[in-house]
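I open this notebook to record what I looked up on cores and cavities. The structure comes before my entries.

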Amino acid sequence: MRGARRGWGAAWLGLLLPALASAQGFEDPGFDRAFDPEAPAGEGEGPAAEAPPGEEPPSAAPTGEREEPTAEASTGAEAPPAAGGSARPSAGPAGAETAAETGAATLAPEERIELPPDPPAPDPSMERLDDGSVRWLLGLAFLAGPGRDAPLDDALAARGFGPPSAVLGGEVQALYRPVRGLAFGPRLGLRHRHWAAWEGPPAALLSLDLMLAITARLPIGSRVWLGGDLAGGVGLGRLAIRDGRSTHVLGRFQVSGVFALELVGALRATVRAGYEWAPVDLPLGDGRLGGPFFLLGFEVRE
């Protein structure tokens with residue numbers, strides 16, 4: 001009777017133990033092997049089994065089998081997206097862009113070419129002025145000439161005066177240039193001549209003239225111009241003899257050749273040589289403030 005009870009107890013224990021293990025959500029393959037002595041060693045051990053501390057977990061692949069690399073891993077290229085699926089993201093670092101996307105090629109430091117530095121800007125005062133943009137010729141010149149013998153010279157010599165001096169003077173002009181090579185405008189001239197006296201102050205003849213001048217020039221090379229000049233107008237002549245003063249109207253006409261040389265930027269040197277007529281009708285005789293002259297000046301182009 002006691003042996004029968006032990007047999008029934010062992011049978012009930014064998015049925016309850018697996019049921020309790022399933023109810024607790026725990027299934028141990030080693031437990032099955034304990035009740036199945038014919039199970040091969042290692043069967044039922046999965047990758048979920050924990051390895052002892054300091055050791056790597058066992059591989060899921062069976063012993064002796066080699067894991068074949070996929071086509072994507074061997075070639076390094078992305079696999080095409082599956083039908084109906086989205087493309088896989090790029091394996092490159094986040095934010096990296098290729099040269100085709102940016103449109104700019106990146107050169108290695110040894111392939112970069114260093115360009116020479118830009119030359120310094122030229123001094124504006126040394127730049128040549130475009131002759132096509134010039135509209136005004138502003139000039140200042142100094143004049144000298146031997147003068148001419150006149151009846152006034154003999155009349156003053158009879159009164160104790162010496163021979164006349166050379167004619168000295170100057171001119172200021174502002175010529176407008178409507179086209180290349182031609183300019184016209186006003187010209188203001190000053191002439192002076194004197195006679196030394198044996199006793200007392202010298203006699204002097206002074207004139208101030210306003211003329212209209214026309215000048216034409218042609219370039220000879222890049223810095224030289226040659227041409228001609230005509231001018232004519234009226235002025236006032238003033239004669240001073242000791243204590244007497246007299247003022248008279250006179251006319252002036254001149255013709256000359258022009259030589260111009262470019263110096264720096266808009267500055268030119270000008271030379272004029274020619275002849276002028278400027279008779280003055282005076283009580284003592286005809287005085288003349290003309291004759292051959294030589295003029296040296298400077299001209300600014302605007």
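**Cavities and cores**

I began with the second largest cavity and found that β11 gives the most to its lining, with 4 residues. Strands here are DSSP E runs of at least two residues, and helices are H or I runs of at least four, numbered from the N terminus. I note that this is a predicted model, where local features need pLDDT of at least 70, side-chain atom pairs count only at pLDDT 80 or more, and totals for linings use all residues. Residues are numbered from 1 along each chain, and side-chain values use heavy atoms, without hydrogens and water.

I recorded about 120 Å³ of space in this second largest cavity. It has 17 lining residues, with Q173, T270, R272, L295 and E299 nearest its centre. A cavity is a set of points on a 1 Å grid where a 1.4 Å probe fits but cannot get out, and lining residues have an atom within 4 Å of a point.

I then turned to the largest cavity, with about 140 Å³ of space. L137, R177, G181, R217 and R268 are the closest to its centre among 14 lining residues.

Next I looked up the largest nonpolar core, which has 13 residues; L152, L156, W195 and L205 have the most contacts inside it. Such a core joins buried (under 20% relative accessible area, 1.4 Å probe) Ala, Val, Leu, Ile, Met, Phe, Trp, Tyr and Cys residues through side-chain atoms within 4.5 Å. A second, separate core of 7 residues includes L137 and M211.

Methods: Buried < 20%, exposed > 50% of the residue type's maximum accessible area, 1.4 Å probe, protein only. 1 Å grid on protein atoms, 1.4 Å probe; cavity = no way out; pocket = protein on both sides within 12 Å on 5 of 7 lines; lining within 4 Å. Points joined across faces, edges and corners; volume = space filled by probe spheres on them.
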